[in-house]
Amino acid sequence: MSADSKFVPRALTASEYIRELFGPEDNTAILVRNRSTGHTVQTIAKAEAIASPGFQSWLANQNAAGSDIYVGMNPINDGAYNRTKRNVKDIRHIYLDLDKEGNEALDAIRNSPDVPTPNFVLDTSPGKHQVVWKVSGFSQDEAEALLHSLANKFGGDLAATDSTRVLRLPGFANRKLPEKLVVQARQESNAVYTLRDFTIDEDSPEAPRHFGEYQGRHRTPPSDHKSQSERDWAYAKRALARGDNPEVVIQRIADYRGDEKHGNYARLTVEKAQLELQRTSSLQPEREAFSGLADEADRHQ
């Protein structure tokens, strides 16, 4: 983690928010959706161009005409024209969409020893918030696993746990509401966090590397608590997807489980995970071809 200890929280305009999220040359996705007509436009442009007065004026006109304005939370590869997972350049942000008991959830985040101070807090509607952390060194699988864990722990929207997510851009009215409410953003930290800064228990072979100092803390399992075998399986898929050597993954699981399972358990778990990844990989192009832009925007506040 790197941060300025003298940082003073401040409100951000849309342009300032874009410049804090991205570098000037980052390809950034903007989604404009008119809720009444259903018309959706996605634009991918350099962050500095999006932050410019001309582009902001265009967004303001679209918002005034009834459109909601969203920004993709991770940069897009050069030459890409859509916001699929394969086109995400790298992971820059971890986030939560707090649309149920948002004030209580935000207080829990601010008081939790398991997550660092958020970089940005957006007030999207009364009692609803979006929380964003700037990060580095995450693979897509690590990011999405953490997003899911955070959503489970703090009651966030489980639909907003993918690396291609768009969230609201501050400075523009939330057109989902009957009365005009302009989305507000506050920057509360300028730190850049790594996986080790988030100590959400995953109870997996990765736990000693990322969550070790909190292993002794008691937590109540969530209602959808998974068995350890299910967690081993999920861990194997994440590790293989990010390119870890299968033999290393087998050894980690075997070491973690010790004498709890028979000798072939770890190898069978990894082999099963390999087959599943091969199957899902073959289906991914078809899924992406039929994915729509409007479905995800409907989930947002």
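Which residue is the bridge partner of L12 in β9? The legends below begin with that pairing.

**View 1. Strand β9 and its two neighbours in a predicted model.** The bridge partner of L12 in β9 is A185, and β1 and β9, which run antiparallel, are joined by 3 bridges. Strands are DSSP runs of E with at least two residues, whereas helices are runs of H or I with at least four residues, and both are numbered from the N terminus; two strands pair if DSSP finds at least two bridges between them. Strand β6 (residues 120-125) is likewise joined to β9 in antiparallel fashion, by 4 bridges, and V121 stands opposite R186 of β9. Within strand β9 (residues 184-187), A185 and Q187 make up a covered face, while Q184 and R186 make up an uncovered one. In a regular strand, side chains alternate between the two faces of the sheet. This is a predicted model, in which local features need pLDDT of at least 70 and side-chain atom pairs count only at pLDDT 80 or more, while totals for chains, interfaces and linings use all residues. Residues are numbered from 1 along each chain as its sequence is written, and side-chain values use heavy atoms, with hydrogens and water left out.

**View 2. The segment before β1.** V8 has its place in the segment before β1 (10-12). With a relative accessible area of 61%, V8 is exposed (buried means under 20%, exposed over 50%, and partly exposed in between, with a 1.4 Å probe and protein chains only). Although V8 and N190 are 182 residues apart along the chain, their C-alpha atoms are separated by 9.3 Å.

**View 3. An open sheet of 4 strands.** The strands follow the order β3-β2-β4-β8, with antiparallel pairing. Because β3 (40-46) and β8 (166-168) stand at the edges with a single partner strand each, one side of each is left without a neighbour in the sheet. Neighbouring strands of this sheet are turned by 30 degrees against each other on average, direction ignored; the axes are lines fitted to C-alpha atoms, for helices over the stretch in contact, and angles run from 0 to 180 degrees between N-to-C directions. Strand β4 (residues 67-72) is joined to β8 by 3 bridges, and G72 stands opposite V166 in β8.

**View 4. An aromatic cluster formed by W133, F138, Y193 and F198.** The whole structure contains 5 aromatic pairs, where rings of Phe, Tyr and Trp (its six-membered ring) pair if their centres lie within 6.5 Å, and planes under 30 degrees apart count as stacked, over 60 as edge-to-face and the rest as tilted. The rings of W133 and F198 have centres 5.7 Å apart and planes at 80 degrees, so this pair is edge-to-face. W133 lies in strand β7 (residues 128-134) and F198 in the loop between β9 and α6 (207-210), so the pair ties together parts that are 65 residues apart in sequence. W133 is buried at 0% relative accessibility, and F198 is buried with a relative accessible area of 0%. The rings of Y193 and F198, with centres 6.3 Å apart and planes at 80 degrees, also form an edge-to-face pair, and Y193 counts as buried at 2% relative accessibility.

**View 5. Confidence along the chain.** The chain averages a pLDDT (the predictor's confidence in each residue, from 0 to 100) of 82, and 79% of the residues score at least 70. Over residues 203-225 the pLDDT is below 50, and this stretch has 46 contacts in the model beyond near neighbours in sequence, a contact meaning heavy atoms within 4.5 Å. Where pLDDT is low, the predicted coordinates should not be read in detail.
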